[in-house]
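Thanks for asking me to look this over.

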Amino acid sequence: MRRGRDESEDERADRMWTELIQEVRVAQMGVQILFGFLLTVVFTPKYAELSDTDQTIYIVTVVLGACATGALIGPVSLHRLVSGRRIKAHAVRWASRLTLLGLLLLLATTSCSLLLILRVATHDGFVPYLVTGVVCWYLLCWFGLPMWARHRHTTR
């Protein structure tokens with residue numbers, strides 16, 4: 001018994017592309033808001049008061065945010081540059097990889113942002129543990145549960 005959709009390879013690529021772009025829109029919005037906020041921090045009076053360590057965390061965070069933004073916007077550029085070349089199935093695979101990379105970079109950006117904010121706000125030794133807990137939560141929500149569902153509900 002055949003399971004799944006009755007669609008051609010081109011129809012499948014079109015459907016997967018549409019689904020991917022919807023997913024990317026959500027992630028793009030988050031990374032662009034976070035990145036925009038990060039860009040303003042250096043122009044505040046508080047920035048000059050940060051320790052060297054906190055300024056390094058900030059710089060790393062901004063670079064990670066820039067990389068995440070690039071990876072999550074990449075699928076749009078990829079589609080535009082290869083559109084009409086009859087390679088949509090390949091473009092979907094590359095766009096999917098860029099999106100996954102963008103999510104990993106967004107995870108790193110968000111984690112570093114949280115680390116910096118909590119270090120500045122509390123100066124307490126529990127900050128790394130709190131950030132680790134949040135990172136574990138992100139990993140569970142973004143990767144653990146989807147991988148579990150994929151393993152549990154995918155037929156061979």
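**Notes on the predicted model**

This is a predicted model, in which local features need pLDDT of at least 70 and side-chain atom pairs count only at pLDDT 80 or more, while totals for chains, interfaces and linings use all residues. Residues are numbered from 1 along each chain as its sequence is written, and side-chain values use heavy atoms, with hydrogens and water left out.

1. **Overall fold.** The protein chain has five helices and zero strands, giving the pattern α-α-α-α-α along the sequence. Helices here (H or I, at least four residues) and strands (E, at least two) are DSSP runs, numbered from the N terminus. The radius of gyration is 19 Å, well over the 15 Å that the globule rule gives for 156 residues, so the chain is more spread out than a compact globule. That radius is taken over C-alpha atoms, and the globule rule is 2.2 Å times the number of residues to the power 0.38. Along the principal axes, the C-alpha atoms fill a box of roughly 65 × 35 × 15 Å.

2. **Surface and contacts.** Of the 156 residues in the protein chain, 31% are buried. Buried means under 20% relative accessible area, exposed means over 50%, and partly exposed lies in between (1.4 Å probe, protein chains only). The chain exposes about 10700 Å², with carbon and sulfur atoms supplying 63% of it; accessible areas come from the Shrake-Rupley method with a 1.4 Å probe, and for residues only the protein chains shown count as cover. Take the contacts (heavy atoms within 4.5 Å) between residues at least 6 apart in sequence: 74% of them join residues at least 24 apart.

3. **The largest core.** Which residues have the most contacts inside the largest nonpolar core? They are V31, L38, Y47, Y58, V62 and L105, in a core of 19 residues. A nonpolar core is a set of buried Ala, Val, Leu, Ile, Met, Phe, Trp, Tyr and Cys residues joined through side-chain atoms within 4.5 Å. Helix 1 (9-41), helix 3 (52-82) and helix 4 (88-122) each give two or more residues to this core, and helix 3 supplies the largest share, seven residues. There is also a second, separate core of six residues, including W17, I21, V24 and A95.

4. **L38 and S113.** Beyond its neighbours within four places in sequence, L38 is in contact with Y58, T61, V62, T109 and S113. S113 sits in helix 4 and is buried, with a relative accessible area of 7%. Not counting residues up to four places away in sequence, S113 touches L34, L38 and T61.

5. **Helix 4 and what follows.** Helix 4 is followed by H123, whose phi is positive, near 55°. H123 is found in the loop between helix 4 and helix 5 (127-153) and is exposed, at 65% relative accessible area.

6. **Another positive phi.** Most residues other than glycine have a negative phi. R86, a residue other than glycine, has a positive phi near 60°. R86 belongs to the loop between helix 3 and helix 4, and its relative accessible area of 83% makes it exposed.

7. **Cysteines.** How many disulfides does a search of the whole structure find? The count is zero, with a disulfide taken as a pair of cysteine sulfur atoms within 2.5 Å. The sulfur of C67 is 12 Å from the closest cysteine sulfur, in C112, which is too far for a bond. For C136, the closest cysteine sulfur is in C141, 11 Å away and again too far for a bond. Both C67, at 39% relative accessible area, and C136, at 46%, are partly exposed.

8. **Two more places to look.** G30 lies in helix 1 and is partly exposed, with a relative accessible area of 34%. The C-alpha atoms of G30 and T110 are separated by 9.8 Å, although the two are 80 residues apart along the chain. P45 is in helix 2 (residues 45-49) and is exposed, at 69% relative accessible area. The C-alpha atoms of P45 and I33, twelve residues apart along the chain, are separated by 21 Å.
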